[in-house]
Amino acid sequence: MNDGGIGSLKRRLAAIPKAAKERAAIDTLAAAEDMANIMRSLAPEDEGDLKASIAVTPGGQSTPAYSQPGGASIVPENQVAITAGNTAVRYPHLVEHGTEKAEAQPFFWPGYRLGKKKALNKIKAGIRKAIKEAK
């Protein structure tokens, strides 16, 4: 039976050195924090609740209830989620995209776009270093 390459993928993932996985997790979390800081710097500030609601959630943990995008969910292993909003701040999408009565004030997706390349480079460099050190 053809497993669609899943077996091959599992074998390849198992071959990744433990050190590289651990380093990737550390660097992914750090890169996400950097990106979240960019988002916070771009977020409009009235009382500061929106900025304070921008959260970084590591793998295996649950994102805040009512957070955007997607609400509360468990972040998969080896991933990190950046969200805006919580039970007290339920309006990040309205600020990001605007309404009939308020102009859009984008902060989330521009912050993502500004931080993406640096984040990927940080993660890749960390993995390369861990693989070199693990040899």
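Modeller: Buried means under 20% relative accessible area, exposed over 50%, and partly exposed in between (1.4 Å probe, protein chains only). The model is predicted, so local features need pLDDT of at least 70, side-chain atom pairs count only at pLDDT 80 or more, and totals for chains, interfaces and linings use all residues. Residues are numbered from 1 along each chain as its sequence is written, and side-chain values use heavy atoms, leaving out hydrogens and water.

Biologist: Is leucine 9 buried, partly exposed or exposed?

Modeller: Leucine 9 is partly exposed, because its relative accessible area is 44%.

Biologist: And which helix holds leucine 9?

Modeller: Leucine 9 belongs to helix 1 (residues 6–15); helices are DSSP runs of H or I with at least four residues, numbered from the N terminus.

Biologist: Changing topic, how many salt bridges are there?

Modeller: There are four, where a salt bridge is a side-chain nitrogen of Lys or Arg within 4 Å of a carboxyl oxygen of Asp or Glu.

Biologist: Which residue pairs with arginine 23?

Modeller: Arginine 23 forms a salt bridge with aspartate 27, at 2.8 Å from N to O. Both lie in helix 2, four residues apart, about one turn of the helix.

Biologist: Is aspartate 27 buried or exposed?

Modeller: Aspartate 27 counts as buried because its relative accessibility is 7%, whereas arginine 23, at 28%, is partly exposed.

Biologist: What is the partner of lysine 51?

Modeller: Lysine 51 meets glutamate 45 in a salt bridge of 3.4 Å, N to O. Glutamate 45 is exposed, with a relative accessible area of 57%.

Conventions:
Helix = DSSP H or I, 4+ residues; strand = E, 2+ residues; numbered from the N terminus.
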